[in-house]
Amino acid sequence: MLRWAWRQLTSMRTALFLLLMLAVAAVPGSLFPQRPSAPAEVTQYLKDNPGSGPVMDWFKLFDVYSSPWFAAIYLLLFTSLIGCVTPRAKIHWKAMRSAPPRTPKRLSRLAEYGTVTIPADSGVDAETAVKDAAAILKSRGYRVDVRDLDTERPSVGAEIGFLKEVGNLLFHTAMIGVLAAIAFSGLFGYSGQKVLVEGDTFVNTLTSYDTFTPGANFGDGRLSPYSATLDRLVVKYDRSTEAHYGQPLDFNATLTIKDGPGAEAETKTLKVNEPVNVGGTNMYLVGNGYAPVVTIKDGAGDITFQGPVVTIPTDGAYTSLVVIKAPDAKPNQLGFVGFFLPTALVDERGVAFGSDPDPFNPQLNLNAYTGDLGLDSGVPRNVYTLDTSKMTEINSRNLDAGGIVLAPGQSYTLPAGNGSISFDSIKRFAALDIRHDPGQVYVLVFALLALAGLMGSLFLNRRRVWVRTGNHPDGRTMVEFGLLARGEDHRLAGEYAAINKSLHNKWLVPMDVAGQNGEQTTINDSAQSVTAASKDQ
């Protein structure tokens with residue numbers, strides 16, 4: 001039973017089926033939010049789907065790539081490929097070292113067959129002819145074996161195309177290498193995300209990341225002590241065409257990099273799809289937006305919050321959601337929620353909306369709340385949402401006090417002595433994806449090897465050629481040859497034509513003259529003539 005199970009697992013059909021299963025198993029990772037990269041979205045999904053959410057979580061659909069069933073498919077595929085490649089490599093090694101197959105009795109039955117008749121006055125006998133044919137085939141890359149030289153009908157067997165199977169084995173071996181490299185990255189790599197505002201510095205420590213996903217064997221010592229400061233983020237928009245007016249064309253983030261505490265500062269440019277490599281990690285620019293700089297004072301006049309506030313863009317005009325929390329405000333905590341418009345316009349109903357992604361007319365629209373922010377309970381809260389269940393609204397369009405509308409440089413005094421808020425300036429932020437992938441180079445190398453092996457297995461052909469010679473009673477030397485392809489080979493006829501031409505050129509035999517009296521005579525006919533002559537004598 002175990003032997004049968006091993007044969008089934010290591011068959012090529014099973015390997016292809018497992019490869020398909022691995023692709024299908026990865027689909028839920030694209031359809032549903034994954035806990036390592038988006039824990040907040042997973043939590044929200046479970047809240048929105050109280051019936052199906054827990055069932056999906058039990059099946060690890062929110063942790064697809066670390067689930068037991070995904071790992072089982074991965075390991076079975078890994079084992080199956082090794083079990084397929086190893087015995088095939090041994091068989092192919094023996095085939096490469098063995099002599100070509102014996103010469104068939106009837107070459108005329110092969111897919112491609114031809115004859116050459118060497119005139120009697122050429123001085124080329126059967127043994128010389130077979131050696132000449134072997135030399136021609138060897139010059140064309142064939143592995144040759146001359147045989148039966150001590151008989152009346154010597155022959156040569158030749159074989160070419162072993163690189164086809166080598167390419168096939170290389171492809172499967174490289175696939176094993178790709179799987180191993182990906183597993184290596186999963187064990188020793190890590191990834192993290194960071195939102196960096198202009199002027200701020202990121203230091204490669206665990207506390208500096210907004211989110212961090214370590215590998216299974218990750219240790220703090222694997223973090224290279226580098227730093228990166230976002231000097232400026234420039235976004236270029238299309239202003240020349242009416243159809244695409246306002247669409248982004250280019251994103252440029254200027255970074256000041258220090259590859260260690262005492263290293264010299266270096267300026268680098270980060271672009272979309274052009275990561276910056278530093279400290280063994282790649283920094284990718286995956287997002288951007290605006291960060292209005294605000295100052296909040298409480299009822300006592302003390303500054304309880306001051307600095308840039310990262311917003312969440314919602315459309316092409318960069319209409320962005322804003323949430324501001326001031327937990328240290330006295331006598332009551334303060335919270336603000338609203339939206340930021342880079343270029344604000346007002347419709348006939350008095351409602352502001354965004355019309356352009358560039359900050360031509362920036363505007364900050366907020367509603368203010370006072371009360372308990374819920375931060376003192378020790379339960380983690382999303383910084384981009386405001387829990388107003390225990391708070392009182394003091395500013396909005398529905399209240400007499402109205403909403404808060406600020407332009408840069410303006411401030412607003414909150415009602416009932418709750419303090420004030422001012423809109424100081426505007427900065428941009430860059431969303432960075434930082435990845436340490438130690439197996440990345442190996443994946444590239446093995447992928448290129450797999451591509452080379454696949455091309456070899458598709459475009460190279462396995463062929464066999466046999467040539468047999470013999471002496472005719474009238475002194476002519478008769479040569480016949482045949483070609484056979486292992487598998488489908490649409491170029492076999494072209495190879496036959498090339499060998500036929502080479503043989504004729506070697507013995508200076510015109511292509512349109514096959515022998516005396518224009519007759520095509522095979523070796524078998526020659527042998528019969530020799531036998532008849534012996535009987536007459």
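Reader: Which residues line the largest cavity?

Author: Keep in mind that this is a predicted model. The largest cavity is lined by V310, T311, I312, L321, V322, V323 and Y384.

Reader: Okay, and which strand gives the most to that lining?

Author: That's strand β14 (residues 320-326), which contributes three residues. By class, the lining of the largest cavity has six nonpolar residues, one polar and no charged.

Reader: How much space lies in the largest cavity, and how many cavities of 30 Å³ or more does a search of the whole structure find?

Author: The largest cavity holds about 40 Å³. Searching the whole structure turns up one cavity of 30 Å³ or more.

Reader: Let's do pockets. What should I look at in the second largest pocket?

Author: Start with volume, then see who lines it. The second largest pocket comes to about 290 Å³. Its lining has 17 residues, and F339, N365, N367, R397 and V405 lie nearest the centre.

Reader: Which strands supply at least two residues each of that lining?

Author: β15 (333-341), β18 (363-371) and β20 (404-406) each do. The largest share is from β18, with four residues.

Reader: Now helix packing. How do I read the crossing of α2 and α6: at what angle, and how close do the axes come?

Author: Take the angle between the N-to-C directions; over 145 degrees counts as roughly antiparallel. Here the axes of α2 (residues 12-25) and α6 (residues 68-97) cross at roughly 155 degrees and come within 9 Å. That makes α2 roughly antiparallel to α6. The crossing of α2 past α6 is left-handed.

Reader: Which residues make the contact?

Author: On α2, they are M12, T14, A15, L18, L19, M21, L22 and A25. α6 brings W69, F70, I73, Y74, L76, L77, S80, L81, C84 and R88. Sorted by class, the contact of α2 with α6 has 15 nonpolar, two polar and one charged residues.

Reader: And α7 with α10: what angle do they pack at?

Author: About 135 degrees, with the axes of α7 (residues 126-139) and α10 (residues 492-506) 10 Å apart. The two helices are therefore oblique to each other. This time α7 passes α10 in a right-handed crossing.

Reader: Who touches whom there, and what classes are they?

Author: D132, A133, I136 and L137 of α7 make the contact with I499, S502, L503 and K506 of α10. The contact of α7 with α10 has five nonpolar, one polar and two charged residues.

Terms used: Residues are numbered from 1 along each chain as its sequence is written. This is a predicted model: local features need pLDDT of at least 70, side-chain atom pairs count only at pLDDT 80 or more; totals for chains, interfaces and linings use all residues. Side-chain values use heavy atoms; hydrogens and water are left out. Axes are lines fitted to C-alpha atoms, for helices over the stretch in contact, and angles run from 0 to 180 degrees between N-to-C directions. Angles under 35 degrees count as roughly parallel, over 145 as roughly antiparallel, 65 to 115 as roughly perpendicular and the rest as oblique. A crossing is left-handed if the near helix is turned anticlockwise from the far one by less than a right angle, and right-handed if clockwise. Contact means heavy atoms within 4.5 Å. Ala, Val, Leu, Ile, Met, Phe, Trp, Tyr, Cys and Pro count as nonpolar, Asp, Glu, Lys and Arg as charged, and the others, Gly among them, as polar. On a 1 Å grid over the protein atoms alone, a cavity is a set of points where a 1.4 Å probe fits but cannot get out, and a pocket is an open set with protein on both sides within 12 Å along at least five of seven lines; lining residues have an atom within 4 Å of a point. Grid points are joined across faces, edges and corners, and a volume is the space filled by probe spheres set on the points.
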